[in-house]
Amino acid sequence: MRTLLLFRALFSALFVGFTHAQFFGFDYTVRRGTNSTGYCPGYDGVFHDMASMKLYGNAVRLYNLYDCNGGYLVAKAAKELGMDIFLGMQNAPDDIFGWEKHLFTEIVEEFGSSNILGISVGCESIFRKDMTPQEVADAIWNVKSLVKSMGLTFPYGIGYADNDVLADDSAQVVRNASDVLLFNIFAYYDGNFPSSLKDNRANLGIINRLKKYQEEFPDKIIVLGESGWPSGHAVRVNPIIPGLKLQNWTAQQLVCGCRENNISFFWFQSHDLPYRYYNYPTTAERTWGLWTENRELKQPIQFSCDGYTYVPSYPPTSSSSSSIPMSSSFVSPEAADSSLPLYSSSSERNPLFLLILSITALVLMF
């Protein structure tokens, strides 16, 4: 354990203040695995993931705080590594939403808020027809009230992620409530496959859409919340260019294009998530990550923006990782104490989680 702690300390010291990476940030999901439910890694696994991402970008975006105790684990690792985080809160049902707000206050209590960029209150709830625009707006105002009561402000403020904020006039209430609007735009899903690695029309189209939104909503911060390209081949389409090569090329075009136009961009996604797309018929749905499910970088990421070429060194492999198998993707606050190692206070965690960590520590000592 002493060796592991020393590794973390040295790694943190090495990368605090690291600013040469090209990516602004990555969409990150803590849960991993190859079966239909996935499992939750321990802190060591999350730290290694974020240390790997740190080599290429300095920000991580979450979709919720409660699953796998992700908010706490990411906030802790971000503090050690000197990274920024864009928090996400699941905005429904009410019990989960209430638990998300509780976890947020606990995270701020323990780690502060200086590296929190903003909060997305929900993601694509209108698109999925889970909530009405008014319900989404009410949730945003609710979190804004909480944040204000805590005396906090964030560089990007508080908002929502969904292309349907532009769908019709009914979504005006969501735009009014939001400081930041995050858009999820994929050339892949739009069917815009390049004919060659010189055909950049699809990526330029994404950039131009965002620039239009910036002009249309000058009082809002516009963020490309999700975009990318899968490395796997899809059944529904027949791309001309191999997926892995196209993924790397797409990353260069979008990252550099967003940098040139002052658009914050989170690459979707950091790691492959086969558990999430377990029942999907295509390989592509499981292969959006720059890293595999086994935490291996798929290919060297080397490209130039504004004449600057960055070639990072890959981080060393973490020495251990405690994992807790999970049986469900969603757990209510009432069930959290017995099912998930959710963070409950600054000095207390799930006893099972602590027991497993203690056993892991003993193993490492010997």
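The points below take the basis of the values, then the disulfides, then the remaining cysteines.

1. This is a predicted model, in which local features need pLDDT of at least 70, side-chain atom pairs count only at pLDDT 80 or more, and totals for chains, interfaces and linings use all residues. Residues are numbered from 1 along each chain as its sequence is written, and side-chain values use heavy atoms, with hydrogens and water left out.

2. Taking a disulfide as a pair of cysteine sulfur atoms within 2.5 Å, the count is two. With the bonded cysteines of the protein chain numbered in sequence order, the pairing reads 1-2, 3-4.

3. Cys 40 is joined to Cys 68, with 2.0 Å between the sulfur atoms. The pair links distant parts of the chain, 28 residues apart, since Cys 40 is in strand 2 (residues 39-41) and Cys 68 is in the loop between strand 3 (57-61) and helix 3 (70-81); helices (H or I, at least four residues) and strands (E, at least two) are DSSP runs, numbered from the N terminus. This link of Cys 40 and Cys 68 is left-handed, at -75° about the S-S bond.

4. The disulfide of Cys 256 and Cys 305 has an S to S distance of 2.0 Å. Cys 256 lies in helix 8 (residues 243-260) and Cys 305 in strand 10 (residues 303-305), so the bond ties together parts 49 residues apart in sequence. The link of Cys 256 and Cys 305 is left-handed, with -90° about the S-S bond.

5. Buried means under 20% relative accessible area, exposed over 50%, and partly exposed in between (1.4 Å probe, protein chains only). Cys 256 counts as buried at 10% relative accessibility, and Cys 305 as buried at 2%.

6. Cys 123 is buried, with a relative accessible area of 17%. Cys 258 is in no disulfide, and the nearest cysteine sulfur, that of Cys 256, is 9.6 Å away; Cys 258 counts as buried at 1% relative accessibility.
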